[in-house]
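Here's a quick briefing to read alongside the structure. Have a look around first, then work through the points below.

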Amino acid sequence: MTQVHVPVLAGELIAVLDPQPGELAIDCTAGGGGHARLIADRIGPDGMLIGIDRDPLAEERFAELAGEIPCQTRFVRDDFATALKLLRDEQIHADLVYMDLGMSSMQVDTWARGFSYAYDAPLDMRMDPDQDLRAQEIVNEWDERRLGGVLREYGEERFAHQIARAIVRARKRGPLSSTHELVDAIKAAVPVPAQFGSGHPARRTFQALRIAVNDELAQLDAGLPHAWELLAPRGRFAAISFHSLEDRRVKRCLAARARGCVCPPEFPICVCGRVPEAELLTRRAIAPSPGEVAANPRARSAHLRAARKLKEGA
């Protein structure tokens, strides 16, 4: 690998997935390949690792990784919802499926792609540089109401209305084309005392725009069922999320599959016939240790959830 990539919750992911020699693993968000390398070392030469990512840089990293790891490999360049459906249609049965959601470190550190408010860069934020929609279009073309709705829904930003209004006011003087221009508009809208609260005042706005540009939550809603259907009986699924919007979706998906009888409590016997199709491997989300957060501050908001498949189909 040409750069050092530090995977988040790596030891915890390996512990819950428990990869074994000869197993087939699917990495839905290959990114820099940190988790993939650890999985590959454990499934060995008889195992197969399938990497998925829509970022061409991730494809390059995976090609480098494939020359260094012991297992067989395959890469699918697409969003993971589409790629998982493709693999499901091929009737592939996986022992391990895992997701490391959100943006990768290599995307944040590639300043020209505009993911970070720490660098002055073009307002891009595309994970797939071949797609048309960029953050610049959202910021400069969406009306105030739609823009405020995105900031409120995807960023859980309490000053969403004020920030949307400030952006619309700023773009009247000329299109916003850089991350620092956007940050200036955000700071003009957020009350000064709130700017010294938890995190950077632009953090939630940048999160919301990135999610909107890449349609991340719709991808997750579509991809979770496909990932589960790909699992063979006794197969293990895990997801690492970085904000509550992702974590709630993963939690609800796994909890619903782990639930058995849904008959009203007054029924003397079960008539629904529903049995659990999942065993939760994490009763509560696993968070990074203080030591990991100290070594890698980007791990601070990470949460890991996992489950084992008990039977075929819902």
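**The chain as a whole**

Take the contacts in the chain between residues at least 6 apart in sequence: 72% of them join residues at least 24 apart. Keep in mind that this is a predicted model.

*Overall build*

- The chain has 14 helices and seven strands.
- Its C-alpha atoms fill a box of roughly 60 × 60 × 40 Å, taken along the principal axes.
- A compact globule of 314 residues would have a radius of gyration near 20 Å, and the chain has 21 Å, so the two agree.
- Of the 314 residues, 52% count as buried.

*How helices pack*

- Two packed helices are described by the angle between their axes and the distance between those axes.

*Helices H4 and H12*

- H4 covers residues 80-89 and H12 covers residues 216-230; their axes come within 8 Å and cross at roughly 25°.
- Angles under 35 degrees count as roughly parallel, so H4 is roughly parallel to H12.
- H4 passes H12 in a left-handed crossing.
- On the H4 side, the contact is made by Phe 80, Ala 81, Leu 84, Lys 85, Leu 87 and Arg 88.
- H12 brings in Gln 219, Leu 220, Ala 222, Gly 223, His 226, Ala 227, Glu 229 and Leu 230.
- Sort the residues of this H4 and H12 contact by class and you get eight nonpolar, three polar and three charged.

*Leu 86, a residue of H4*

- Leu 86 lies in helix H4.
- Is Leu 86 buried, exposed or partly exposed? Its relative accessible area is 38%, so Leu 86 is partly exposed, since that class sits between under 20% for buried and over 50% for exposed.
- If you leave aside its neighbours within four places in sequence, Leu 86 is in contact with Arg 74 and Val 76.
- Leu 86 and Leu 231 are 145 residues apart in sequence, and their C-alpha atoms are 14 Å apart in space.

*Helices H8 and H9*

- The axes of H8 (residues 160-171) and H9 (residues 179-189) come within 8 Å and cross at roughly 130°.
- H8 and H9 are therefore oblique to each other.
- H8 passes H9 in a right-handed crossing.
- Gln 162, Ile 163, Ala 166, Ile 167 and Ala 170 of H8 make the contact with Leu 182, Ala 185, Ile 186 and Ala 189 of H9.
- By class, this contact of H8 with H9 has eight nonpolar residues, one polar residue and no charged ones.

Note on methods: Residues numbered from 1 in each chain as written. Predicted model: local features only at pLDDT ≥ 70, side-chain atom pairs only at ≥ 80, totals over all residues. Heavy atoms only, no water. Axes fitted to C-alpha atoms, helices over the stretch in contact; angles between N-to-C directions. Helix = DSSP H or I, 4+ residues; strand = E, 2+ residues; numbered from the N terminus. Parallel < 35°, antiparallel > 145°, perpendicular 65-115°, else oblique. Left-handed = near helix turned anticlockwise from the far one by under 90°. Contact = heavy atoms within 4.5 Å. Nonpolar A, V, L, I, M, F, W, Y, C, P; charged D, E, K, R; others polar. Rg over C-alpha atoms; globule rule 2.2 N^0.38 Å. Buried < 20%, exposed > 50% of the residue type's maximum accessible area, 1.4 Å probe, protein only.
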